[in-house]
Amino acid sequence: NIWQQKWVIGNWKMNGQLHNNNNLVHKLRQLPAASNVCIGITPPTVYLLQVHNAVQIVLDNKIHVCAQDVSRFPDKGAYTGEVSAEMMRDVGVDIVLIGHSERSLYFNEKNDVQRLKIENVLNVGLLPLLCVGESLKEREDGREKEAVAYQLSVFKGLKTQNFAVAYEPVWAIGTGKVATKEQIADMHAFIYNEILSLCGNDANIRVLYGGSVNDTNAAEIFSVPHVDGALVGGASLKYDAFTAIIQAAQ
Ligand code: G3P
């Protein structure tokens with residue numbers, strides 16, 4: 001049951017190449033099974049099928065194939081350049097990241113578009129993983145919870161019990177600056193409470209931390225209350241670092 005596991009999801013962002021992807025995935029497949037960890041890989045869209053084909057069930061430990069984004073359009077049709085949730089499912093995707101801060105930074109994606117994408121993902125039976133997190137300015141102004149609560153409000157009224165969130169403070173992404181244990185504990189507890197009050201007590205919840213997670217800080221981050229795993233950027237591209245993070249989650 002993934003709702004009781006720690007999740008370690010690698011987000012490759014716009015990195016990867018056929019040859020390197022194969023090497024990395026084949027090595028990851030050889031990891032010994034860890035029944036308490038849910039492992040995911042999030043390659044660029046063009047490599048989803050390759051990663052799906054390379055990933056196989058290793059004992060009882062499945063490596064999940066995740067997508068970085070999805071079209072806001074629900075159906076197939078004349079939307080040049082778009083990839084639908086249905087197509088993602090067709091090539092073996094399980095989980096779709098929604099609202100990564102790089103999507104809002106470079107593509108101006110806001111709650112309304114994220115909501116459409118979440119609905120599309122749920123409608124084809126996949127799981128959205130919503131990324132939230134405050135900017136440095138919002139943290140400095142003491143408005144970090146307000147910012148995160150606004151981002152979480154896209155969950156309101158959804159017909160699902162399953163809520164997966166990655167808390168990624170924007171100032172900690174790719175900067176080497178990790179939020180403190182206190183900041184993480186405080187925000188994760190807040191996110192849990194927000195989801196419970198928006199979506200009811202029988203919600204299944206996972207809240208991952210993201211932002212400069214690496215092999216040396218993962219164990220400490222996983223020891224923080226309400227941290228159910230990590231969304232890992234840069235370190236997920238390196239086999240040794242990513243496997244050390246998976247081990248720290250066990
Ligand atoms: O989605 C993962 C992420 O934004 C964190 O990136 O490179 O700081 O681990 P990184």
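Which residue in E7 stands opposite phenylalanine 163?

Author: In this predicted model, phenylalanine 163 stands opposite isoleucine 205 in E7. The chain passes from E6 through helix H8 (residues 181-199) to E7, in a β-α-β crossover that is right-handed. E6 and strand E7 (residues 204-210) are joined by six bridges and pair in the parallel sense.

The other neighbour to be described is strand E5 (residues 127-132), which pairs with E6 over four bridges, again in the parallel sense. There, valine 132 has tyrosine 167 of E6 as its bridge partner. Strand E6 (residues 162-167) is largely enclosed by the rest of the structure, because five of its six residues are buried.

These pairings belong to a wider arrangement. Eight strands close into a barrel with parallel pairing, in the order E1-E2-E3-E4-E5-E6-E7-E8. From one strand to the next, the twist averages 25°. Beyond E7, the order continues to E8; E7 and E8 run parallel and are joined by two bridges. Glycine 210 stands opposite leucine 231 in E8.

Helices pack on this sheet. Helix H5 (residues 111-123) touches strand E4 (95-98) and E5, and its direction makes about 155° with that of E5. H10 also packs on the sheet, where it touches E1, E2 and E8; the direction of H10 makes about 165° with that of E1. Within helix H10 (residues 239-249), the buried residues are Ala241, Phe242, Thr243, Ile245, Ile246 and Ala249. Their cover includes strand E1 (6-11), helix H1 (18-29), strand E2 (37-42), helix H9 (218-222) and strand E8 (229-232).

Two packed helices are described by the angle between their axes and the distance between the axes. For helix H7 (residues 144-152) and H8, the axes come within 11 Å and cross at roughly 40°. The crossing in which H7 passes H8 is right-handed. On the H7 side, the contact involves Glu144, Lys145, Val148, Ala149 and Leu152, which meet Asp186, Met187, Phe190, Ile191, Glu194 and Leu198 of H8. Of the residues in this contact, seven are nonpolar, four are charged and none is polar.

To return to the part in question, E6 pairs with E5 and with E7, and the path from E6 to E7 runs through H8.

Definitions and conventions:
Residues numbered from 1 in each chain as written. Predicted model: local features only at pLDDT ≥ 70, side-chain atom pairs only at ≥ 80, totals over all residues. Heavy atoms only, no water. Buried < 20%, exposed > 50% of the residue type's maximum accessible area, 1.4 Å probe, protein only. Pairing = 2+ DSSP bridges. Right-handed = clockwise from strand over helix to strand, strands pointing away. Contact = heavy atoms within 4.5 Å. Axes fitted to C-alpha atoms, helices over the stretch in contact; angles between N-to-C directions. Left-handed = near helix turned anticlockwise from the far one by under 90°. Nonpolar A, V, L, I, M, F, W, Y, C, P; charged D, E, K, R; others polar.
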